[in-house]
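Q: I would like to learn how to read a fold and a metal site from coordinates. Can we work through one example?

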Amino acid sequence: GPCAVEDPDQMDEVAAHLAGRGVRILRAGAFKPRTSPDAFQGLGEPGLAMLAEAARRHGMAAVTEVTDIRWIDACARHADMLQVGARNMSNFELLRAVGAAGRPVLLKRGLAATLDEFLHAAEYVFRAGCTRLVLCERGIRTFSRDTRFTLDISAVPLLKMRARLPVVVDVSHAAGRRDILAPLARAALAAGADGVMVEVHPRPHLARSDGAQQLDLPQFDAFADALAPWIPGP
Ligand code: PEP
Ligand code: MN
């Protein structure tokens, strides 16, 4: 799904398209952790309702990021799964509270977290009562400037070996650009990833966040075609 929930039409358009391609999980942010306080911060609670409605209408599960303990109840009411983002992977009180919310959790690796640190963070969520936990490799900070982050493919088999949990790879935030997403996703799946996260927006040039990395709908179709050998059809 898109980086952020922006309006009902955007959500319905993207959900309809993705559901038609067999995608089962719709992810979009209503509470956005942004590097700059001047950047779009998300629609908040009204955005949660737009996400939930689009997912419901097209038979998909909804995932959204929880950036603060204050938003857990609202997010858990509207979404089927709660995401903890990279910037909050070490927010241990948030991990505990999200783990106790009764929803499956998508935990993203911190920007500079070792796998030990990542797995300890997962343990916080698990011990709070959440056994339905998915780990997400989303790239780490390195000296490379050609991509936004550096996708750590090694993390995929290592996490699979060390934690008996599903591992997914977010290629969009790793790359920060849309032109290399298909090869990165193929690499992730070849390395054993259970799923791929990719940002898709009906009009990326108008997106209020992460415009440079989001695929438009025809680009998503080409991406999905490139992964066809690995993913189930509609
Ligand atoms: C996101 O998935 O919306 C996001 C902000 O990613 P990350 O936390 O990995 O930077
Ligand atoms: Mn994004």
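Q: In which sense do β3 and strand β4 (residues 105-108) pair, and over how many bridges?
A: A note before we start: this is a predicted model. β3 and β4 pair in the parallel sense, over three bridges. Within this pairing, L82 stands opposite V105 of β4. The chain gets from β3 to β4 through helix α4 (residues 92-99), and this β-α-β crossover is right-handed.

Q: Which strand does β3 pair with over three bridges besides β4, and in which sense?
A: Strand β2 (residues 61-65) pairs with β3, again in the parallel sense and over three bridges. Here E65 has Q83 of β3 as its bridge partner. Helix α3 (residues 72-78) carries the chain from β2 to β3, in a β-α-β crossover that is right-handed.

Q: Now the metal. Which residues coordinate the manganese ion (ligand 2)?
A: Read the donor atoms, then their spacing. The donors are C3 (SG), H173 (NE2), E199 (OE) and D210 (OD), at 2.0 to 2.3 Å. Along the chain they follow C-x169-H-x25-E-x10-D.

Q: Where in the chain do C3 and E199 sit?
A: C3 is in the segment before α1 (8-20). E199 is in the loop between β7 (195-197) and α9 (217-226). The pair links distant parts of the chain, 196 residues apart. Both C3 and E199 are buried.

Note on methods
Residues numbered from 1 in each chain as written. Chains lettered and ligands numbered in written order. Predicted model: local features only at pLDDT ≥ 70, side-chain atom pairs only at ≥ 80, totals over all residues. Heavy atoms only, no water. Donors = N, O, S within 2.8 Å, 3.2 Å for Na, K, Ca; no water. Helix = DSSP H or I, 4+ residues; strand = E, 2+ residues; numbered from the N terminus. Buried < 20%, exposed > 50% of the residue type's maximum accessible area, 1.4 Å probe, protein only. Pairing = 2+ DSSP bridges. Right-handed = clockwise from strand over helix to strand, strands pointing away.
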